[in-house]
Amino acid sequence: MTDTTIREYTGERERTREETTESDERENEEQVACPECGGSLATDSERGETVCEDCGLVVSEDEVDPGPEWRAFDAKEKDEKSRVGAPTTNMMHDKGLSTNIGWQDKDAYGNSLSSRQREKMQRLRTWNERFRTRDSKERNLKQALGEIDRMASALGLPENVRETASVIYRRALDEDLLPGRSIEGVATASLYAAARQAGTPRSLDEIDSVSRVDKDEIARTYRYVVRELSLEIQPADPESYVPRFASDLDLSEEVERRARELLSSAKEKGVHSGKSPVGLAAAAVYAASLLANEKVTQSEVSEVASISEVTIRNRYHELLEAEDTVSQ
């Protein structure tokens, strides 16, 4: 290639670069200035529009906002709402920060793995499970949180109750409350306490039906954990059981409202003192169904509430007497 050819080629590249720069500058000027009046433009992020500040012309609309959908007012709040990685959770022993290998023997395209690849993945799962727990404390926590999740699922408890139960168990483990007590017992007591704190209580009989420890150990461990951790738990309110019983029996809102009125009358007369809240709630639902002409049998209420028919009959008469006294 001759010197003349090189100079011509270099000059052509420089002219092309200058033309590109001028073109970019014109585009930037068009974006900054209004094409109608030459006024300055402003971007409205809420509406996704670019508008002229002088004449009000909408230059562009339906713009894509690449920013987050949330707002943060300080650096701490911004860090808490960051989308970097999966959210942490107390319901897993490692707070969900470790890798989890799925159980499906399929690749990214949904195709089945070969026998050799399946063996390899099984070995990887085995070693992954071993590495996820570093010491006996983490193995203890992993077993307990698995128990809490299993029992909460069986009882139909929401996620916030599971999270609270996990925090209570972690506190018990950190404060060395487990020696001399079973992992299942403390896990069950933590779930029972969390359900009462969240206002979605379950009776001891219901907890006992899904737990691997007996009722006496649950009650004993619950009292110990509440005392040692200084948990603030109010006595169970009979009215908190009414919606669940009414829903399980497929009763109307009128029955639920009437049952709440019966319990309110009982509180005014002090009938609820020393009585089982589950028994009072079951009796109130039974009495309210009769008063609203939506009859259910005592055995049906007994099965839903996990309480004897004798208790329902005794509380039923007491509730009606209390309402008669208040109405007079």
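Ser230 counts as exposed, because its relative accessibility is 58% (exposed means over 50% relative accessible area, buried under 20% and partly exposed in between, with a 1.4 Å probe and protein chains only). The model is a predicted one, in which local features need pLDDT of at least 70, side-chain atom pairs count only at pLDDT 80 or more, and totals for chains, interfaces and linings use all residues. Residues are numbered from 1 along each chain as its sequence is written, and side-chain values use heavy atoms, with hydrogens and water left out.

Ser230 lies in the loop that runs between helix H8 (215-229) and helix H9 (242-248), where helices are DSSP runs of H or I with at least four residues, numbered from the N terminus. Most residues other than glycine have a negative phi. The phi of Ser230, however, is positive, near 55°. Ser306, in the loop between helix H12 (298-305) and helix H13 (309-327), likewise has a positive phi near 55°, and Ser306 is partly exposed, with a relative accessible area of 34%.

The axes of helix H10 (residues 253-269) and helix H11 (residues 277-291) come within 8 Å and cross at roughly 125°, the axes being lines fitted to C-alpha atoms over the stretch in contact and the angles running from 0 to 180 degrees between N-to-C directions. H10 and H11 are therefore oblique to each other, a term for angles that are not under 35 degrees (roughly parallel), over 145 (roughly antiparallel) or 65 to 115 (roughly perpendicular). On the H10 side, the contact (heavy atoms within 4.5 Å) is made by Val255, Arg258, Ala259, Leu262 and Leu263, while the residues of H11 include Leu280, Ala284 and Leu291.

How values were computed: Helices (H or I, at least four residues) and strands (E, at least two) are DSSP runs, numbered from the N terminus.
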